[in-house]
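Reader: Before we look at any detail, could you take me through the features in turn, giving the general idea and then the case at hand?

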Amino acid sequence: QVQLVESGGGLVQTGGSLSLSCAKSGGIRSIVAEGWYRQAPGNERELAARFSSGGDTIYADSVKGRFTISRDRGTLYLQMNDLKSEDSGVYYCAVDVKPSIESLIRRVWGQGTQVTVSS
């Protein structure tokens, strides 16, 4: 069972930077895709950035050129630069897991970390 623990959120001023981390443990060999999602109050959860199953990076248009997703075996990262007030929200790490050939892919979510950008 994959477990995810996010860290690195906080309060930052407009134009500032934050770096988020997501520590992965337990069954990480079953991960086929992974990424960061975010949810602002009153809004639906949306993609910020992710790695596809083929290893391609995918970014939401609103964060292109400002956010960078990266990873090593045990941790997923999101570097966020030139932050704007509209970037505020709870950021979630998520991985898609497929434990065996017969298994369906399912998504596992972290607990989320709050990012607040103030002007």
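The dialogue below moves from a sheet to a disulfide and then to aromatic rings.

Author: Please keep in mind throughout that this is a predicted model.

Reader: What is the strand order of the open sheet of 4 strands, and which are its edge strands?

Author: The order is 1-3-8-7, with antiparallel pairing in this open sheet of 4 strands. Strand 1 (3-7) and strand 7 (67-71) are the edge strands, each of which pairs on one side only. Direction ignored, neighbouring strands of this sheet are turned by 15 degrees against each other on average.

Reader: Which residues does the disulfide join, and what is its handedness?

Author: A pair of cysteine sulfur atoms counts as a disulfide if they lie within 2.5 Å. The structure holds 1 disulfide, which joins C22 to C93 with an S to S distance of 2.1 Å. The torsion about the S-S bond of C22 and C93 is about -75 degrees, so the disulfide is left-handed. The pair links distant parts of the chain, with C22 in strand 3 (residues 18-25) and C93 in strand 9 (residues 89-97), 71 residues apart.

Reader: Is C22 buried or exposed, and is C93 buried or exposed?

Author: Buried means under 20% relative accessible area. C22 is buried, because its relative accessible area is 0%, and C93 is buried with a value of 0%.

Reader: How many aromatic pairs does the structure hold, and what is their geometry?

Author: Planes over 60 degrees apart count as edge-to-face. The structure holds 2 aromatic pairs. The rings of Y37 and W109 have their centres 5.2 Å apart and their planes at 70 degrees, so this pair is edge-to-face; Y37 lies in strand 4 (residues 31-39) and W109 in strand 10 (residues 106-109), 72 residues apart. Y37 is buried at 9% relative accessible area, whereas W109 counts as partly exposed at 35%. The rings of Y92 and W109 have their centres 6.2 Å apart and their planes at 85 degrees, so this pair is edge-to-face, and it links Y92 in strand 9 to W109 in strand 10, 17 residues apart.

Reader: Which residues form the aromatic cluster, and which residue lies over the face of Y92?

Author: Y37, Y92 and W109 form one aromatic cluster. Y92 counts as buried, at 14% relative accessibility, and R45 lies over the face of Y92, at 3.7 Å from the ring centre.

Definitions and conventions
Residues are numbered from 1 along each chain as its sequence is written. This is a predicted model: local features need pLDDT of at least 70, side-chain atom pairs count only at pLDDT 80 or more; totals for chains, interfaces and linings use all residues. Side-chain values use heavy atoms; hydrogens and water are left out. Two strands pair if DSSP finds at least two bridges between them. Helices (H or I, at least four residues) and strands (E, at least two) are DSSP runs, numbered from the N terminus. Axes are lines fitted to C-alpha atoms, for helices over the stretch in contact, and angles run from 0 to 180 degrees between N-to-C directions. Buried means under 20% relative accessible area, exposed over 50%, partly exposed in between (1.4 Å probe, protein chains only). Rings of Phe, Tyr and Trp (its six-membered ring) pair if their centres lie within 6.5 Å; planes under 30 degrees apart count as stacked, over 60 as edge-to-face and the rest as tilted. A charge sits over a ring if NZ of Lys or CZ of Arg is within 6 Å of the ring centre and within 35 degrees of the ring normal.
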